[in-house]
Amino acid sequence: MHPVRKQRLWAVVFIVVFSSLAAGLVGYGLRGNINLFFPPAEVAAGLAPAGQPIRVGGMVVVGSVERSTDSLQVRFAVTDYQATVKVEYEGILPDLFAEGEGVVAAGALDERGVLRASEVLAKHDENYMPPEVADALLKANTAGVTP
Amino acid sequence: MIPELGHLALIIALCMALSLALLPLWGSWRNHYHAMSMAPSLALGMCVFTALSFTALALAFVGDDFSVALVANHSNRLLPGAFKFSAVWGNHEGSLLLWVLVLSLWTSAVALFSTQLPLPVLARVLSVMGFISVGFLLFSLFTSNPFLRTLPAIPTEGNDLNPLLQDIGLVIHPPVLYMGYVGFSVAFAFAIAALLGGRLDASWARWSRPWTNTAWAFLSLGIMLGSWWAYYELGWGGWWFWDPVENASFMPWLAGTALVHSLAVTEKRGLFKSWTLLLAILTFSLSLLGTFLVRSGVLTSVHAFASDPSRGVFILLFLALVVGGSLTLYALRAPALQSRIRFAVLSRESLLLFNNLVFLVATLTVLFGTLFPLLMDALGQGKYSVGPPYFNIVFLPLMAVAMPMMGLGPISRWKQDSAQRWRRELLLPMAAALVVGALFPSLYQGSFNPAATLAVVLSSWLLLSMLKDCFVRTRSARGFIAGVRRQPLGYYGMMCAHLGFAVCVLGVVLTSQYAVEKDLKMSPGEQFELAGYRFQFDELAAVEGPNYLAEEGRFSVHREGLPPFKLSPQKRRYLASGQIMTEAAIDAGVFRDIFIALGEPIGEHAWAVRLHYKPFVRWIWGGAILIAFGGFLSVTDRRYRRAVRSGASASVLVEHGPA
């Protein structure tokens with residue numbers, strides 16, 4: 001074979017092998033590491049799978065935050081004013097976590113329908129609202145429910 | 001009055017940018033000398049008026065002019081002076097103005113330092129940069145005017161800057177990051193100018209290389225500053241989150257890394273010409289995409305300010321225009337570039353090609369992970385998020401594959417090399433690296449750790465093979481000192497950057513493998529032992545800052561044989577906004593950081609406390625600083641100054657030299 005063609009062939013073979021490896025990694029990486037957002041109304045309607053990583057977002061129900069006195073356990077409820085989802089979390093909550101404010105919790109639903117959160121994200125400044133939460137609230141609002 | 005003058009200055013800057021985008025380009029097409037030679041003056045004029053506009057906004061911030069809406073929303077009388085100034089870019093409108101300012105600074109730098117370029121080339125380069133400036137100035141003036149007033153009801157006090165942003169990290173992180181981000185526009189402009197002019201010899205690579213390296217070094221530094229800021233200011237001790245906005249700055253860095261390497265091949269050997277052009281276009285497009293992602297508010301992120309859909313549409317259109325236009329131009333012009341220069345499979349060219357492949361694939365996988373949620377949302381498939389494990393699974397193996405080749409790179413020869421020679425020169429470094437890697441984890445922690453072993457093997461392989469290369473290069477000279485002095489500065493720049501990469505990899509892997517972290521409840525008087533350190537919670541105190549009140553936990557940390565030291569993390573409440581913020585306390589060291597942060601109060605006296613022991617975490621940023629320093633060092637290489645002085649003849653030499 002002509003040396004230039006041989007060289008090209010090698011380059012092409014190499015690029016194909018390398019990119020398919022990368023594509024394989026991407027596929028493997030995506031499996032189990034992406035999670036879908038559900039507003040509380042959809043969780044209540046049973047649309048969210050149990051035991052799989054999901055995110056639930058909405059407003060923290062006023063008066064729902066219960067802190068354990070001897071550990072870092074926290075319980076609270078998240079609502080989109082159509083339904084509420086109970087959340088359990090162990091750890092330190094973000095600074096801007098507060099009752100009546102927007103929040104997104106990531107975790108998995110247990111068999112009782114409680115979200116066991118591994119991560120809780122609050123908004124990061126006074127005026128900002130996570131887009132998912134804003135969207136969920138808007139949907140609830142147009143469905144004719146007002147807070 | 002001053003804000004209106006600032007607004008006016010911005011409009012004048014737009015007019016200058018428009019003329020810059022059109023006149024010199026027309027001149028280069030019609031070979032009209034006067035039109036072309038206007039380019040540098042227009043570039044400088046644009047820069048002066050943008051700077052005036054920026055100064056006007058800065059004056060409004062520093063002088064507490066709350067009649068300007070932006071100041072009223074993002075500043076406060078109690079804010080310390082330095083933060084009043086940095087508050088200028090702590091919001092959407094101001095940070096965009098900073099973007100434009102940095103762009104005009106780069107444009108005028110090109111105008112000032114490239115006077116030896118052939119006039120048509122300079123005219124085209126500056127025109128392209130003028131065109132980009134037009135886009136961003138329009139964006140600023142029409143969708144994000146920073147000078148809007150709050151008349152007639154002027155507030156007496158401002159809403160304050162987000163406390164997270166009241167920090168030295170924010171004072172320096174955005175300007176440095178933008179220097180890098182925007183600096184790739186120069187590489188882009190050179191590439192487009194080369195395509196427009198149809199003169200696609202290797203000389204454009206030599207002209208654009210120092211600019212690209214500088215931008216790349218700034219970007220490295222900017223990303224490092226952001227990571228460092230996140231580490232101590234976001235409060236929870238993480239240093240990289242694969243947050244979409246971090247990715248937005250990381251993707252141009254990855255593509256830029258590929259570009260820096262492929263420019264080396266194009267400059268030295270006249271190869272990969274069209275590929276390098278494509279990379280230059282890709283890198284700047286990713287900078288623009290990053291700007292879109294950050295500024296349109298489509299993403300949930302610390303960097304997203306309150307969003308406005310019209311802004312997103314504007315940047316998206318501009319992005320489509322720039323990417324579409326430049327790719328069309330590329331498609332029309334690039335196929336003419338067939339190079340007939342050959343190289344063997346085992347050669348430096350192949351290794352650099354491999355580097356390009358790795359970094360391009362890394363860029364694309366990060367891009368995919370970042371855009372996946374947007375894509376699924378646009379397709380109506382629901383709101384997904386892609387977590388850090390995805391990026392780690394995809395990204396880390398790529399880097400692990402790149403590093404063995406990185407060790408070969410510096411010592412390899414252009415055109416043709418042999419496995420035999422590599423074996424002869426590198427067997428010793430390789431064996432030594434394997435031994436060091438096998439021993440390190442057991443000596444450090446007393447147990448085997450595969451990830452740490454791999455990282456230490458690869459990093460010491462990099463380091464040792466570079467030492468060997470240094471030795472090989474200097475042994476033919478009269479003495480060691482003479483040999484060291486004979487090497488060009490560009491060589492040391494490369495060494496420094498590769499060393500920085502090794503240090504950074506060590507930092508990343510060792511920190512993630514050996515860090516110890518504990519969240520627990522502690523009351524004053526209690527103590528806890530973590531990683532050989534005894535943390536004693538001494539007392540709780542109330543502290544008053546300039547614009548906040550804080551609860552301060554006072555801890556003393558003891559370790560056998562060392563003097564104890566004190567750490568005082570705070571929980572602050574900012575007066576103007578009432579926002580709560582965690583201020584972590586960190587004892588920094590070369591080999592470990594001790595990190596304490598206060599969570600929230602539990603019960604009567606107790607607090608949730610986070611304790612961290614983070615070994616080697618400083619190496620991450622130390623490595624990044626070395627990388628950036630290497631980039632800057634390579635730019636000072638004498639050959640660039642010489643090349644610019646006799647630009648045309650040098651290009652001819654390069655054209656015929658390596659064939």
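Domain bounds, as used here, come from an automatic or database domain assignment. The model is predicted: local features need pLDDT of at least 70, side-chain atom pairs count only at pLDDT 80 or more, and totals for chains, interfaces and linings use all residues. Residues are numbered from 1 along each chain as its sequence is written, and chains are lettered from A and ligands numbered from 1 in the order in which they are written.

**Exercise 1. Domains**

Task: State into which domains chain B is divided, and how far apart their centres are.

Solution. Step 1: chain B has domain 1 (1-160) and domain 2 (516-618). Step 2: taken over C-alpha atoms, the centres of these two domains of chain B are separated by 43 Å. Step 3: six residues of domain 1 of chain B are in contact with six residues of domain 2 of chain B, where contact means that the C-beta atoms of two residues, placed from the backbone, lie within 7 Å. Step 4: the side of domain 1 of chain B that touches domain 2 of chain B has three nonpolar, two polar and one charged residues. Here Ala, Val, Leu, Ile, Met, Phe, Trp, Tyr, Cys and Pro count as nonpolar, Asp, Glu, Lys and Arg as charged, and the others, Gly among them, as polar.

**Exercise 2. The overall form of chain B**

Task: Count the helices and strands of chain B, and judge the chain against the globule rule.

Solution. Step 1: there are 21 helices and eleven strands in chain B; helices (H or I, at least four residues) and strands (E, at least two) are DSSP runs, numbered from the N terminus. Step 2: chain B has a radius of gyration of 27 Å, close to the 26 Å that the globule rule gives for 659 residues, so chain B is as compact as a globular protein of that length. The radius is taken over C-alpha atoms, and the rule is 2.2 Å times the number of residues to the power 0.38. Step 3: along the principal axes, the C-alpha atoms of chain B fill a box of roughly 80 × 75 × 55 Å.

**Exercise 3. Two helices**

Task: Describe how α13(B) and α14(B) are placed against each other.

Solution. Step 1: their axes come within 10 Å and cross at roughly 170 degrees. Axes are lines fitted to C-alpha atoms, for helices over the stretch in contact, and angles run from 0 to 180 degrees between N-to-C directions. Step 2: this makes α13(B) roughly antiparallel to α14(B), a term for angles over 145 degrees. Step 3: the contact includes B:Leu351 and B:Phe354 of α13(B), and B:Tyr390 and B:Phe391 of α14(B). Step 4: by class, the residues of this contact of α13(B) with α14(B) are 15 nonpolar, three polar and no charged.

**Exercise 4. A sheet in chain B**

Task: Give the strand order of the open sheet of four strands in chain B, and name its edge strands.

Solution. Step 1: the order is β2-β11-β10-β9 (chain B), with antiparallel pairing; two strands pair if DSSP finds at least two bridges between them. Step 2: β2 and β9 (585-587) of chain B are the edge strands, each pairing on one side only. Step 3: β10(B) and β11(B) pair over nine bridges.

**Exercise 5. Where the chains meet**

Task: State how many residues each chain gives to the contact, and which element of chain B gives the most.

Solution. Step 1: 36 residues come from chain A and 36 residues from chain B. Step 2: on the side of chain B that touches chain A, α14(B) gives the most, with five residues. Step 3: that side of chain B has 19 nonpolar, eleven polar and six charged residues. Step 4: strand β1 (residues 34-38) of chain A pairs with β1(B) in the antiparallel sense over three bridges, and A:Ile34 stands opposite B:Val386 in β1(B).

Definitions and conventions: Angles under 35 degrees count as roughly parallel, over 145 as roughly antiparallel, 65 to 115 as roughly perpendicular and the rest as oblique.
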